[in-house]
Amino acid sequence: MLVFVTVGSTRFDALAQAAVSERVLDALHKKGYKRIVIQRGNSDFRREAGSNGEDLVVFEKNGLEVETWKFKSSVQSEVERADLVVSHAGAGTILDALRQGKRMIVVPNPTLLDDHQGELSSRLEALGYLTASTVDNLAATISAFDPSKLIPFPPFDGSRFRRLIDQEMGYNVNPS
């Protein structure tokens, strides 16, 4: 089974480093995961053997094959292949993964403006679509994670936005 971890386009050193920590890798291994792919962005990424500064780093640790890289033009294929997505709490990443029916654990980056990621992740967790965690609790969250308790995210309906705008503008809206 495959886990995809993404920190997004900003730095999120804590998540990038936690993803390869003994505790997190042990929790994933106990859940049956064999491979972890980490999009680390510009995050500071260090490991015991040292990093040679290359974009792609592949190694094995705690029974998992670990692949990590900075950026790709799209992470769509990584999300599609993943059995579990562990992500920063960016709205675009969350919506992309949930619309693909992916099981998700999100970790808000508290260093970003007004903790907007925390607000979004808390609300989506309350609705039952995903599980939210902190960096410090990520291993415990993975250990306790039960995807059967998640509610499938509703499919996209572009007409809803049009109806809201029409209603707000006072147009006579016929629900056809």
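The model is predicted: local features need pLDDT of at least 70, side-chain atom pairs count only at pLDDT 80 or more, and totals for chains, interfaces and linings use all residues. Residues are numbered from 1 along each chain as its sequence is written, and side-chain values use heavy atoms, with hydrogens and water left out.

**View 1. The second largest pocket.** Its lining consists of 15 residues, and Val 7, Gly 8, Ser 9, Gln 39 and His 88 lie nearest its centre. A pocket is an open set of points, on a 1 Å grid over the protein atoms alone, where a 1.4 Å probe fits, with protein on both sides within 12 Å along at least five of seven lines; lining residues have an atom within 4 Å of a point. Volume is the space filled by probe spheres set on the points. Five lining residues of the second largest pocket are nonpolar, nine are polar and one is charged. Here Ala, Val, Leu, Ile, Met, Phe, Trp, Tyr, Cys and Pro count as nonpolar, Asp, Glu, Lys and Arg as charged, and the others, Gly among them, as polar.

**View 2. The largest pocket.** The space in the largest pocket is about 330 Å³. It is lined by 13 residues, with Leu 95, Arg 99, Phe 153, Phe 156 and Arg 160 closest to its centre. Helix 4 (91–99), helix 5 (116–126) and helix 7 (158–169) each give at least two residues to this lining, and helix 4 has the largest share, four residues. Helices (H or I, at least four residues) and strands (E, at least two) are DSSP runs, numbered from the N terminus. The lining of the largest pocket has ten nonpolar, no polar and three charged residues.

View 3. Seven strands form an open sheet in the order 3-4-2-1-5-6-7, with mixed pairing. Strand 3 (57–61) and strand 7 are the edge strands, each pairing on one side only. Two strands pair if DSSP finds at least two bridges between them. Strand 1 and strand 5 (residues 84–88) are parallel and share four bridges; Val 3 has Leu 84 of strand 5 as its bridge partner.

**View 4. Aromatic pairs.** There are two aromatic pairs in the structure. Rings of Phe, Tyr and Trp (its six-membered ring) pair if their centres lie within 6.5 Å; planes under 30 degrees apart count as stacked, over 60 as edge-to-face and the rest as tilted. Phe 4 and Trp 69 are stacked because their ring centres are 6.2 Å apart and their planes are at 25 degrees. Phe 4 belongs to strand 1 (residues 2–6) and Trp 69 to strand 4 (residues 64–69), so this pair ties together parts that are 65 residues apart in sequence. Phe 4 and Trp 69 are both buried, where buried means under 20% relative accessible area, exposed over 50%, and partly exposed in between (1.4 Å probe, protein chains only). Tyr 129 and Phe 153 form an edge-to-face pair, 5.0 Å centre to centre with 80 degrees between the planes. Tyr 129 is buried at 16% relative accessibility, whereas Phe 153 is partly exposed at 23%.

**View 5. Arg 23 in helix 2.** Arg 23 sits in helix 2 (residues 22–30) and is exposed, with a relative accessible area of 53%. Apart from neighbours within four places in sequence, Arg 23 is in contact (heavy atoms within 4.5 Å) with Asp 136 and Ala 139.
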